[in-house]
Amino acid sequence: MHYTHHSTCRICGSADLMQVLDLGKTPPANAYVQFGDLDKQQPTYPLAIYFCRGCSLVQQLDVVDPDMLFKNYHYMTGANFPATEHFRRYAEDAIKRFISSADDLVIDIGGNDGVLLDFVKDFARVLNVDPADNLAAVSEAKGVPFYTAFFNSKTSDELLRKYGHANVVTANNVFAHTDPLRDVFAGVSKLIRHDGVFIFEVHWVKHLLETGCFDQIYHEHLCFHSLHALKHLVESSGMKIFDVEIVPMQGQSLRVYAAKDREPKASVAAILKEEQDAGLTREETYRSFSEVVERNKAELLTLLSGLKASGKKIVGYGAPAKGNTLLNYYGIGTETLDYLTDSTPLKHGLYSPGMKIPIKDEALLETDTPDYLLLLAWNYKDAILQKEQSLRDRGALFILTIPSVQIV
Ligand SMILES: [Zn+2]
């Protein structure tokens, strides 16, 4: 397992890059540790983000071998109901706007378990192109053909030979993870018909800044996108952005529509202006973000050490990848947290990467009530607070970390 360090921006090629946040060296956030490996040293890699003065892209320059990170991807979109509903409406809208015949071809890059194309397959020919071969059977059981590959311009040539041009290409929650972005976009540009459309969703860096959720930063997430940077990328591949929407995925994402020759709608200029007003094209904005992260860190560590000094029992609630960024950067380990709980049986009996905190079944909390729970799966805050009402009735308090430290 290894990593490479880039010295230029992966969108515009500029070498004028400024580091805006340094989270130190950590193991990959999904590298959970087996009991038998506890004594072994885990490989760690630099985790830092940089702002490009050329195109405004916020990105990591240290890239861990993607084969190691994604070959057995555990996250299955279809298992998550709100996401399924999101993709159902997404498919309906795309079919209405861009599909005119059952012969039309729709290709989804990084289509995971086939959740989006499942809603398209009755209206057009579909193909799911994804490197995670453990998802192939799930996708095909839905009637969504699977093509195992990392998408790039070479894959694009193979697909063209086998299937011809696509009317619609989609890619959702993929480009945060993609290192060779220009090559991928060049591949899409070749793959779509002259009147074809490319639709993709990416988490919006504006949401990251506004919520202070720096724990989204881990080795898998190479880019934090803005429409400004994406415009540069799309145009470099011979396409143009003609429409954009803000959608409620991962907090807030951008759904971007690109094509070779379509008139841009007013939405494009409106969101570019919104980004400018929010300071997304200025380096200082990211430096202030970094200062907020530091302040929150100091505040949380003071709170936790005070609680431990007065003999309180604290447990981490949830063991998501993002939680590992926070635990590793803040240096919170078993001196503070007795264990982490998680609802995913796959993680039970494992230890968190880096801090090596044991992960247990959340059912344990029914008999082992801690005084405090550090909420690491904060994105499900409302659902968790509701679900754990009886735990709270027994006196347990939740500590929130993001956007700011709070006890509820
Ligand atoms: Zn750039």
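Guide: S153, T155, S156, L159 and L160 in helix α4 meet D183, A186, G187, K190 and L191 in helix α5. The model is a predicted one.

Visitor: Why are α4 and α5 called roughly parallel to each other?

Guide: The axes of α4 (residues 153–163) and α5 (residues 181–191) cross at roughly 20°. Angles under 35 degrees count as roughly parallel, and therefore α4 and α5 are described that way. The two axes come within 7 Å.

Visitor: Is their crossing left-handed or right-handed?

Guide: The crossing of α4 and α5 is right-handed.

Visitor: Where is V174, and what makes it count as partly exposed?

Guide: V174 sits in the loop between β9 (166–172) and α5. It has 19 C-beta neighbours inside 10 Å. A buried residue needs 20 or more, and an exposed one has 12 or fewer; V174 therefore counts as partly exposed.

Visitor: Which residues is V174 in contact with, leaving aside its neighbours within four places in sequence?

Guide: They are I109 and G110. As for E201, it is 27 residues from V174 in sequence, while their C-alpha atoms are 8.0 Å apart in space.

Visitor: Which way do the residues of strand β17 point?

Guide: In β17 (residues 372–375), Y372 and L374 point one way, and L373 and L375 point the other way. In a regular strand the side chains alternate between the two faces of the sheet. All four of these β17 residues are buried.

Visitor: What makes β14 and β17 a pair?

Guide: Two strands pair if at least two bridges are found between them. Strand β14 (residues 314–317) is joined to β17 by four bridges, and the two run parallel. Within that pairing, V315 stands opposite L373.

Visitor: How do you know that β17 also pairs with β18?

Guide: Three bridges link β17 to strand β18 (residues 397–400), again in the parallel sense.

Visitor: Why does the radius of gyration agree with a compact globule?

Guide: A compact globule of 408 residues would have a radius of gyration near 22 Å, and the protein has 22 Å, so the two agree. Along its principal axes, the C-alpha trace spans about 70 × 45 × 40 Å.

Visitor: What share of the contacts with a separation of 6 or more comes from residues 24 or more positions apart?

Guide: Such residues account for 69% of those contacts.

Definitions and conventions: Residues are numbered from 1 along each chain as its sequence is written. This is a predicted model: local features need pLDDT of at least 70, side-chain atom pairs count only at pLDDT 80 or more; totals for chains, interfaces and linings use all residues. The radius of gyration is taken over C-alpha atoms; the globule rule is 2.2 Å times the number of residues to the power 0.38. Two residues are in contact if their C-beta atoms, placed from the backbone, lie within 7 Å. Axes are lines fitted to C-alpha atoms, for helices over the stretch in contact, and angles run from 0 to 180 degrees between N-to-C directions. Angles under 35 degrees count as roughly parallel, over 145 as roughly antiparallel, 65 to 115 as roughly perpendicular and the rest as oblique. A crossing is left-handed if the near helix is turned anticlockwise from the far one by less than a right angle, and right-handed if clockwise.
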